[in-house]
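Hi,

Here is the structure I promised to pass on. Have a look, and my notes follow below.

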Amino acid sequence: MELNNIIETENSFDADAKAVSNLQELENVRLKYLGKKGLIADIMTKFREVPAEQKREFGQKVNALKSKIENAIEEIKLDLAKKQIEEEIKNTKMFDYSLPVDTNTGSLNPRTIIQKQVVDIFKDMGFVIEDGCEIETEYNNFESVNVPKNHPARDMQDTFWLSNGQLLKTQTSAAQNRILRDYGPVCKVIFPGRVFRNEALDARHENTFFQLEGVVVGKNITVANLIYFEKAMLKALFKKDIEVRLRPGFFPFTEPSYEMDARCPFCSGRGCHTCGNSGWIELCPCGMIHPNVLKMGGINPDEYNGFAFGLGFDRLVMIRTNLDDIRYLNSNNLKVMSQFKTKM
Ligand code: DAH
């Protein structure tokens, strides 16, 4: 065994190491040189044959080659791992958070857009925004707003009853009692919500629709206050002054009760398709809160009074968007819905 043998082994390792392109090949090279039956072990078995005067140099050279191979293999391993990560990153589709958002992918339901606008308008006028449950007790939905059992007004609101005796709320008025109790006298609250009635569907009727109810309680509140807030809301929503009128109405929760109409914002009263040529659009039932409702809400009707109104919200949305069929609003028909952008 000569020193040349070591140099040959080193050269052959250098060539093998250069050719390695993956971990499996690297392992094969490791076994070829460092394995139990590898070339280094082979050289060591021949140590005995080395002449005594060369033993020292031979031993040093073999050890040096062994550590060189061990180090080189570790280095190649790290290098391969780095290359693998770089490759994976290159092949991964990265998400660029700085790209501008494609705003054409969807749009809000016009009802959502207009509800936000109307809610903001009332908020600006100092109203608190509340909501209510969709499953309600018979007491909240009817009795607490002065509609006792067998009252004819119950027939006007075909109710979805649940097997536990509760119901799907037929009117946002169902939250009145809780709100009166929670806020007490001197409050201005609106509460939008989804309501349900067992109705046959047509262009003007849905079994699931939205209302936006408001109550104001204080001292010496009058119908003029009610008219003021409704006109202010209309002005902010339609960006112009809109005249309103009151007709007598009947609701158990209010006394007196009214139907409020608004001058058609499209024809300014001349008559058009939207207002059915009448020049007026039914806006909301309303009235002065019935003393019984105040009493049941824990408020003394001799000291305080107030008004309430119940905007049929889908109607308002239809007027605002010129949609002629209420069913579109629940349909999620993308052709129709995508015409409405977040700003209208
Ligand atoms: N809750 C009534 C309905 O759904 C609407 C209503 C009328 C609400 C008069 C009111 C009101 O607050 O004062 O038909």
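The side chains of Thr-254 and Ser-257 are joined by a polar contact of 2.7 Å (that is, a pair of N or O atoms within 3.5 Å; within protein, one must be able to donate a hydrogen and the other to accept it, and residues adjacent in sequence count only if both atoms are side-chain atoms). Thr-254 belongs to strand β7, residues 254–263 (helices, H or I with at least four residues, and strands, E with at least two, are DSSP runs numbered from the N terminus). With a relative accessible area of 3%, Thr-254 is buried (buried means under 20%, exposed over 50%, partly exposed in between, with a 1.4 Å probe and protein chains only).

Before going on, the ground rules: this is a predicted model, where local features need pLDDT of at least 70 and side-chain atom pairs count only at pLDDT 80 or more, while totals for chains, interfaces and linings use all residues. Residues are numbered from 1 along each chain as its sequence is written, and side-chain values use heavy atoms, with hydrogens and water left out.

Another side-chain polar contact, of 2.8 Å, runs between Asn-141 and Thr-170. Asn-141 sits in helix α6, residues 138–141, and is buried at 0% relative accessible area.

Now the ligand. It has 16 residues around it, the closest being Gln-171, Ser-173, Arg-197, Gln-211 and Glu-213 (a residue is near if one of its heavy atoms lies within 4 Å). That shell splits into six nonpolar, eight polar and two charged residues (Ala, Val, Leu, Ile, Met, Phe, Trp, Tyr, Cys and Pro count as nonpolar, Asp, Glu, Lys and Arg as charged, and the others, Gly among them, as polar). Strands β5 (208–218), β8 (280–289) and β9 (305–312) each give at least two residues to the shell.

Which atoms are involved? A nitrogen atom of the ligand lies 2.7 Å from a polar side-chain atom of Gln-171. An N or O atom in the side chain of Arg-197 is 2.7 Å from a ligand oxygen atom, and a polar backbone atom of Ala-308 is 3.2 Å from an oxygen atom of the ligand. Taken alone, the ligand exposes 360 Å², of which the protein buries 93% (Shrake-Rupley areas with a 1.4 Å probe; for residues, only the protein chains shown count as cover).

On to the rings: there are nine aromatic pairs (rings of Phe, Tyr and Trp, the last by its six-membered ring, with centres within 6.5 Å; planes under 30 degrees apart are stacked, over 60 edge-to-face, the rest tilted). Phe-13 and Tyr-33 have ring centres 5.2 Å apart and planes at 85°, so they are edge-to-face. Phe-13 is buried at 1%, and Tyr-33 is buried at 0%.

Phe-47 and Phe-58 make a tilted pair, 5.9 Å between centres and 40° between planes. Phe-47 is partly exposed at 28%, whereas Phe-58 is buried at 0%. The charged end of Lys-55 also sits over the ring of Phe-47, 5.2 Å from its centre (NZ of Lys or CZ of Arg within 6 Å of the ring centre and within 35 degrees of the ring normal).

Finally, ring pairs tie Phe-122, Phe-127, Tyr-228, Phe-229, Phe-307 and Phe-309 into a cluster.

Cheers
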